[in-house]
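User: Hello! I am new to this structure and would like to get to know it step by step. Could you show it to me and then take my questions?

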Amino acid sequence: MNFGLSCINTYVEGILRGEDKEKLRREIIERAENQSFDTSLPQKLTEEIKGALISLGYRVVDVTGRVDYKAISGLSEGLFHLIFEVGINYDEILDVPYIPGSTIKGVLRSNLYELTGDEGNEIFGDKEREGSVIVSDAYPIGEKLFVGDIVNPHYYQGGKPVRTEYDVNPVPILHLAIRENVKFRFLIGVDKRAKLGKIGEKLNVRNAVELVSLLLLYSMKTGLGARSTKGYNFFEVERIEVK
């Protein structure tokens, strides 16, 4: 049984035996912090995807970024939501946490709109047309991936807003996050036939690869996902290679 499913099994069996939920959660967090992961298979998959994109005529931006503080993706879903009520995207087959390519692509598109006021339909597609950019899932590199974390829901009690500061009674919720300095690698495939339209002039870029690279650098500094206002999901760029 892989690590993720073994955690679910431990939690469910413990609940059935009548054990305390918080005790079980703390045990699982401790196990996760000490777990050594094998990330070689996800990296082999990334290489296979890279070869496929190149064979289909895409330019490929190969990116490795390092977590600056902590990272988390999939707060309301994912394998560990059952245990902690705060989820994290987890690949049950490859047995590692990951950041979905759809999340990264959404951030790139959102930041393009922020910078230019253009929704980027020519590049990212819409209901009427297929986009020119494909983003793979981001998989971790390394062995120690998780760290225990908490969230304090200060301003809601029993599902209702707290009316005054005097009524605040925070109850910390334990959950897992990606630890500082973990590296993630992902790919951005750019169709060689991609047209920029007016976006190129607005951002002073000559082609779609330059555009994507610019958006990527900006996005990794401003946060790839949720809780960026709390310092999460900021990345330092370790490597960018264009094929």
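User: At what angle do the axes of helix α5 and α8 cross?
Analyst: This is a predicted model, in which local features need pLDDT of at least 70, side-chain atom pairs count only at pLDDT 80 or more, and totals for chains, interfaces and linings use all residues. Residues are numbered from 1 along each chain as its sequence is written, and side-chain values use heavy atoms, with hydrogens and water left out. Axes here are lines fitted to C-alpha atoms, for helices over the stretch in contact, with angles running from 0 to 180 degrees between N-to-C directions. Helix α5 (residues 101-116) and α8 have axes that come within 9 Å, and they cross at roughly 95 degrees.

User: Is α5 roughly parallel or roughly perpendicular to α8?
Analyst: Angles under 35 degrees count as roughly parallel, over 145 as roughly antiparallel, 65 to 115 as roughly perpendicular and the rest as oblique. The α5 and α8 axes cross at roughly 95 degrees, which makes α5 roughly perpendicular to α8.

User: How do the residues of the contact of α5 with α8 divide?
Analyst: Contact means heavy atoms within 4.5 Å. On the α5 side are Val-107, Leu-108, Asn-111, Leu-112, Glu-114 and Leu-115, which meet Leu-211, Leu-215, Leu-216, Tyr-218, Ser-219 and Thr-222 in α8. For sorting them, Ala, Val, Leu, Ile, Met, Phe, Trp, Tyr, Cys and Pro count as nonpolar, Asp, Glu, Lys and Arg as charged, and the others, Gly among them, as polar. The contact of α5 with α8 therefore divides into eight nonpolar, three polar and one charged.

User: Which residues is Phe-146 in contact with, leaving aside its neighbours within four places in sequence?
Analyst: Phe-146 is one of the residues touching the most other members of the largest nonpolar core. Its contacts beyond four places in sequence are Phe-3, Ala-32, Glu-33, Phe-37, Phe-80, Ile-88, Tyr-90, Pro-97, Leu-176, Ala-177, Ile-178 and Arg-179.

User: How far apart are the axes of helix α1 and helix α2?
Analyst: Helices are DSSP runs of H or I with at least four residues, strands are runs of E with at least two, and both are numbered from the N terminus. Helix α1 (residues 3-16) packs against helix α2 (residues 21-34) at an angle of about 160 degrees, with an axis separation of 10 Å. That angle makes α1 roughly antiparallel to α2. To return to your question, the axes are 10 Å apart.

User: Which residues of α2 make the contact with α1?
Analyst: From α1, the contact uses Phe-3, Ser-6, Cys-7, Thr-10, Tyr-11, Gly-14 and Ile-15. The two sides together hold seven nonpolar, three polar and three charged residues. The α2 residues are Lys-21, Leu-24, Arg-25, Ile-28, Arg-31 and Ala-32.

User: Is Lys-50 buried or exposed?
Analyst: Lys-50 is found in helix α3 (residues 40-55). Not counting residues up to four places away in sequence, Lys-50 touches Val-60, Asp-62, Arg-185, Leu-187, Glu-241 and Lys-243. Its relative accessibility is 8%, so Lys-50 counts as buried.

User: Where is Asn-181, and what is its phi?
Analyst: Most residues other than glycine have a negative phi. Asn-181 sits in the loop between β9 (173-178) and β10 (183-191), and is partly exposed, with a relative accessible area of 43%. Although it is not a glycine, Asn-181 has a positive phi of about 75 degrees.

User: What is the relative accessibility of Val-182?
Analyst: Val-182 also has its place in the loop between β9 and β10. Beyond four places in sequence, Val-182 is in contact with Gly-65, Arg-66, Val-67, Pro-140, Ile-141, Lys-144 and Leu-145. Val-182 counts as buried, with a relative accessibility of 4%.

User: How many helices and strands does the protein have?
Analyst: Of the 243 residues of the protein, 45% count as buried. The C-alpha atoms fill a box of roughly 60 × 45 × 30 Å, taken along the principal axes. As for the elements, the protein has eight helices and eleven strands.

Definitions and conventions:
Buried < 20%, exposed > 50% of the residue type's maximum accessible area, 1.4 Å probe, protein only. Core = buried A, V, L, I, M, F, W, Y, C linked by side-chain atoms within 4.5 Å.
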